[in-house]
Amino acid sequence: MALRSADTYRESLRDGRTLWYRGRRIPDILAEPELRVAVDHAALDYEVGHDPQYRDLAVAVDPDTDAEYSAFYRIPRSADDLLARSRLIETVTALGGTMVTLIKEIGSDALFAMQRVLSGEKRARAVEFYQHCRDHDLAVAVAQTDVKGDRSLPPHAQADPDFYVRVVEERADGIIVRGAKTHTSVSANANELIVLPTRAMGADDADYAVAFAVPVDTPGLSLYVSSYGAGDRNQFEFPLSSRHKMVETLTVFDDVFVPWERVFACREPEIAGTLALTFVEYHRFTAVSYKLPLVDALVGVAALAAEMNGVAGAGHIREKLTHLVIYAETVRALIETAAARARVGQHDLVYPDPMTTNLAKFTFATGYHHALELVQDCAGGLLVTGPGGDDWDVPEVRAVLEKYYRAQAAAEPRLRLLHTISDLTARDFAGYHAVLAVHAEGSIEAEKMQILRSYDRGRAVTYAKRLAGID
């Protein structure tokens, strides 16, 4: 085992992987400025392991060998392990300006899920792959969401059979897969890619019930990077999005070979749904953990803007701040409760309480856009009408801005704060966060379904019958 440095991680991405960005083939992700931002942001997952301030949180020790490894890969065995994982995810996301890094978070979610669900030889493969990722301190992405085509049809009935990733051939040494996944976070700057089923499947969908892992530079694997958030960014005007970014890809498998030792499920529809859902049980807990810096930031910037604008004592501002505090602390309390209510699953792997995890995610998602409205109301219209970084860089113009944009605070800190709020609530970085709030790690409807499924209605019904005197 060895904890990699951030620079070692960066250099590992120079492996000839097939990347496309804004219509161009990208031979070296480190040499593409807009993608380099995403790489440097993701490197935070490696930097914390070498920072004395975070070392106790970010580094775990194998009790059998005393070898150190990233705490992201610590298998949860207790509620305290889940709470520590949540704090680690929150800490790194806070360092990342409210943007999650995800290159170890999501991969470990999948590795835990596979070890819980699988059995026999396939579980042994999953354990071996987990050890490979842990011991080499790898960055691991997960491709779960298929492009799906016509969502009213199951995988086998689609007009194009490649709308879901499928097995097209079994060989003595492995399988050949074809198809595409979408919304694949951090795949462009990961080392390994885990592929999981996206849904429950029937017998007719057997070809699509497949789970495996491949290195990102595997022949036939092509990554088409989303251009959302593209463009040069002045750090004065874009204080968050100029330094922090995560990228997603359309992930295409064009007859990709996967050796059997990296195949975790092959034509097994009976476990597709369970594998998908078990991954989600871990990943929604991760999701809310990385939302905590964001909800805290919304409270902080709103309060500071009100103070700088001279309206902090106004009754309606205090009411808005109260609502923001209630929102942020409810989300935090729910995710801590999800860990405290931890359950023990197969093979003694502990997982967060599904009911409370989904309540946390639902509360965050359904309250997010209203929270943005409250922050914008506290901040004012300069979020979209204020001067930009090019103006501030010209001394003659800056003198005018310093004169007229002073309030209870000087112009510079006030404008820097307002640009931060604009990044968080009004620009494309804000739009990215807003869409993730609704759709990432499962839609609001998916969370509602899981809440209803997880609730023990029998207990409530039994109590109702007793109250009503029904035998």
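No disulfides turn up in this structure, a disulfide being a pair of cysteine sulfur atoms within 2.5 Å. The model is a predicted one, in which local features need pLDDT of at least 70, side-chain atom pairs count only at pLDDT 80 or more, and totals for chains, interfaces and linings use all residues. Residues are numbered from 1 along each chain as its sequence is written, and side-chain values use heavy atoms, with hydrogens and water left out. Cysteine 133, at 0% relative accessibility, is buried (under 20% relative accessible area, with exposed meaning over 50% and partly exposed in between; 1.4 Å probe, protein chains only). Cysteine 378 is buried too, at 2%.

Now to the sheet. Four strands make up an open sheet with mixed pairing, in the order 5-8-9-12. Strands (E, at least two residues) and helices (H or I, at least four) are DSSP runs numbered from the N terminus, and two strands pair if DSSP finds at least two bridges between them. Strand 5 (140-143) and strand 12 (263-266) sit at the edges, each pairing on one side only. Strand 5 runs parallel to strand 8 (residues 192-195), with four bridges between them, and valine 142 faces isoleucine 194 across that pairing. Helix 7 (residues 120-135) packs on the sheet and touches strand 5, strand 8, strand 9 (210-215) and strand 12; contact here means heavy atoms within 4.5 Å. Strand 5 itself is covered on both faces, with Val140 and Val142 buried on one side and Ala141 and Ala143 buried on the other.

What about the rings? The whole structure contains 10 aromatic pairs, counted when ring centres of Phe, Tyr or Trp (its six-membered ring) lie within 6.5 Å; planes under 30 degrees apart are stacked, over 60 edge-to-face, and the rest tilted. Phenylalanine 212 and phenylalanine 253 are an edge-to-face pair, with centres 5.7 Å apart and planes at 85 degrees. This pair joins strand 9 to strand 11 (residues 248-259), 41 residues apart, and both phenylalanine 212 and phenylalanine 253 are buried. Tyrosine 327 and phenylalanine 364, by contrast, are stacked, at 6.3 Å centre to centre and 20 degrees between planes. Tyrosine 327 belongs to helix 9 (residues 315-340) and phenylalanine 364 to helix 10 (residues 354-379), so this pair ties together parts 37 residues apart in sequence. Tyrosine 327 is buried at 10% relative accessibility, and phenylalanine 364 at 0%. Ring pairs also bring Tyr368 into a cluster with Tyr327 and Phe364.

Conventions. Axes fitted to C-alpha atoms, helices over the stretch in contact; angles between N-to-C directions.
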